[in-house]
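Subject: Handover of a structure and its findings

Dear colleague,

Please find the structure below, together with an account of what was found in it. Kindly keep it open while you read.

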Amino acid sequence: MITAKTKIAGIEFDSYIFNASGIKDGTLEELEEIGKSESSAIMLKSCTIEPRKGNEKPREINLPFGYFQSEGLPNLGYRKYLEFIPKLKQYKKPIIASVVGFSLEEYRVLVKTFQESEVDLIEVNLSCPNIVEEGLPIVYNFEKIKELLDKISNLGEKPIGLKLPAYLCYVLQEKMADLIKQYNVPFIASINSVGNALIIDPGKETTLIKPQKGFGGLSGGYIKPIALGNVRRFYELLKDKVSIMGVGGIKTGQDAFEFLLAGADAVQVGTTFEREGVNCFQRINKELEEILEKKGYSSISDIRGRLKYL
Ligand SMILES: Cc1cc2nc3c(=O)[nH]c(=O)nc-3n(C[C@H](O)[C@H](O)[C@H](O)COP(=O)(O)O)c2cc1C
C-alpha cells in the first residue's frame with residue numbers, strides 16, 4: 001500500500017498535492033470546493049490589508065503551454081479571509097493563509113493576525129511579480145528580508161514560510177538559503193510566476209494583456225524546468241531542515257514525481273487547477289501513486305530528493 005502522506009513543517013498532509021495560492025481560491029465558495037476535493041490542504045488567495053480589485057482587464061490569458069497574467073492581487077482583504085476560516089475548518093485539512101504587505105509593518109500585522117487565527121500555516125508571499133515596488137523588489141533585497149524576518153519570525157507558534165520567486169543565479173539562492181537557515185524558517189514554496197515576461201500578438205501587433213504595457217507573469221509548463229531547478233537548489237542548500245513545497249507547471253503525476261526526486265515535500269498546483277478544476281488533485285495523486293507503486297517505492301520519503309547524477 002503506497003502512502004503519499006507528507007509533512008510540512010511538522011504538520012501532516014494527507015497527500016502530496018494541493019492548490020497553489022491565487023487560482024480559484026479567492027472566495028468562500030471556491031475555498032469550500034477545494035475543501036471538498038482531494039487537495040490535501042486549503043491554500044488561501046494571497047490577501048492584503050485592504051481589498052483590491054486588481055489590475056485593468058484584459059489581464060490574463062490561458063495559453064496552450066501555460067498561463068500569462070498580470071492580475072495585481074485582486075482579493076477581498078484579510079478580514080474576509082479571517083471570517084472564512086471557521087467555516088473551512090470542517091474540511092479537516094491544513095489551512096494555509098497567504099499574505100502580502102506593501103510595507104514591513106503591513107506584513108507584521110498580517111502575520112500577527114493569522115498567528116492568532118485558526119489557520120495551520122502562514123505563507124508569506126514575497127514574490128508577486130505583478131506589483132511594482134519602488135526600488136529593488138523585496139525578494140532581491142536581502143537586508144530588507146532580514147528586517148522583515150526580524151519582525152515576523154517570533155509572532156506566534158504557527159509555521160511561517162516564504163513564497164519565493166525564481167532565483168536565476170546560485171548566489172541569490174545561496175543568500176536566501178542562508179537567511180532561511182539563520183531564522184529557522186520552517187518551509188518555503190518555490191516558485192511564484194516568472195515575472196517581466198512579454199507575449200505579443202503578431203497578427204494584431206499588440207500586447208496580449210493591458211496592464212504594465214503588456215508585461216506579466218508566466219506560469220504552467222513554461223516554467224516547470226525553472227521551478228525544478230529552484231527546488232533542487234534549495235534542497236541541496238537546506239536538506240532536511242526546511243520543508244519545500246514545489247510549485248510550477250505540475251500537470252501530471254510524472255511532474256509531481258520529478259519534483260519529489262528534486263526534493264519537494266509537497267507540490268502545489270495552479271495553472272492545471274485553473275484548467276481542469278478540482279478533479280486534478282485526485283488525478284495527479286492517483287498518477288503519482290501508480291508511478292511509486294510501479295517503481296517499488298512505498299512512501300514519499302523513500303525517494304524524496306534522491307535524484308541521481310550522470
Ligand atoms: C492567475 C494567477 C494568480 C496568482 N495569484 C497568486 C497569489 O495571489 N499568490 C501567490 O503566492 N501566487 C500567485 N500565483 C502564482 C501561483 O501560486 C504559482 O506559484 C504559479 O502559478 C506557478 O504554479 P503553476 O505553474 O502550477 O500555475 C498566481 C498565478 C496565477 C496564474
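In which sense, parallel or antiparallel, do strand 11 and strand 14 pair, and over how many bridges? Strand 11 and strand 14 (residues 215-218) pair in the antiparallel sense, over three bridges. Helices (H or I, at least four residues) and strands (E, at least two) are DSSP runs, numbered from the N terminus, and two strands pair if DSSP finds at least two bridges between them. L198 has F215 in strand 14 as its bridge partner.

Two remarks on the source come first. Residues are numbered from 1 along each chain as its sequence is written. The model is predicted: local features need pLDDT of at least 70, side-chain atom pairs count only at pLDDT 80 or more, and totals for chains, interfaces and linings use all residues.

E60 lies in strand 5 (residues 60-63). Is E60 buried, exposed or partly exposed? E60 is partly exposed because 19 other C-beta atoms lie within 10 Å; the cut-offs are 20 or more for buried, 12 or fewer for exposed, and partly exposed in between, with C-beta atoms placed from the backbone. Not counting residues up to four places away in sequence, E60 touches Y67, F68, Q69, E71 and I209; contact requires C-beta atoms, placed from the backbone, within 7 Å.

Eight strands form an open sheet with parallel pairing, in the order 3-16-15-10-9-8-7-4. Strand 3 (17-19) and strand 4 stand at the edges with a single partner strand each, so one side of each has no neighbour in the sheet. The twist averages 25° from one strand to the next. Strand 4 runs parallel to strand 7 (residues 95-99), and four bridges join them; S46 has S98 in strand 7 as its bridge partner. Helix 6 (residues 224-238) packs on the sheet, touching strand 10 (187-190) and strand 15 (243-247), and its direction makes about 170° with that of strand 15.

The helices

Helix 1 (residues 28-36) and helix 2 (residues 78-88) pack at an angle of about 30°, with their axes 11 Å apart. In this contact, L28, L31 and G35 of helix 1 meet F84, K87 and L88 of helix 2.

Helix 7 (residues 253-262) is mostly covered, with eight of its ten residues buried. Strand 3, helix 6, strand 15, strand 16 (266-269) and helix 9 (279-294) are among the elements that cover these buried residues. G263, which follows helix 7, has a positive phi, near 130°.

The ligand

Which residues come nearest to the ligand? Of the 26 residues around the ligand, A20, G22, S46, S219 and G270 come nearest; a residue counts as near if its C-beta atom, placed from the backbone, lies within 6 Å. Strand 4 (42-47) and strand 6 (66-69) are the elements that give two or more residues to this shell.

Yours sincerely

Note on methods. Two residues are in contact if their C-beta atoms, placed from the backbone, lie within 7 Å. Axes are lines fitted to C-alpha atoms, for helices over the stretch in contact, and angles run from 0 to 180 degrees between N-to-C directions.
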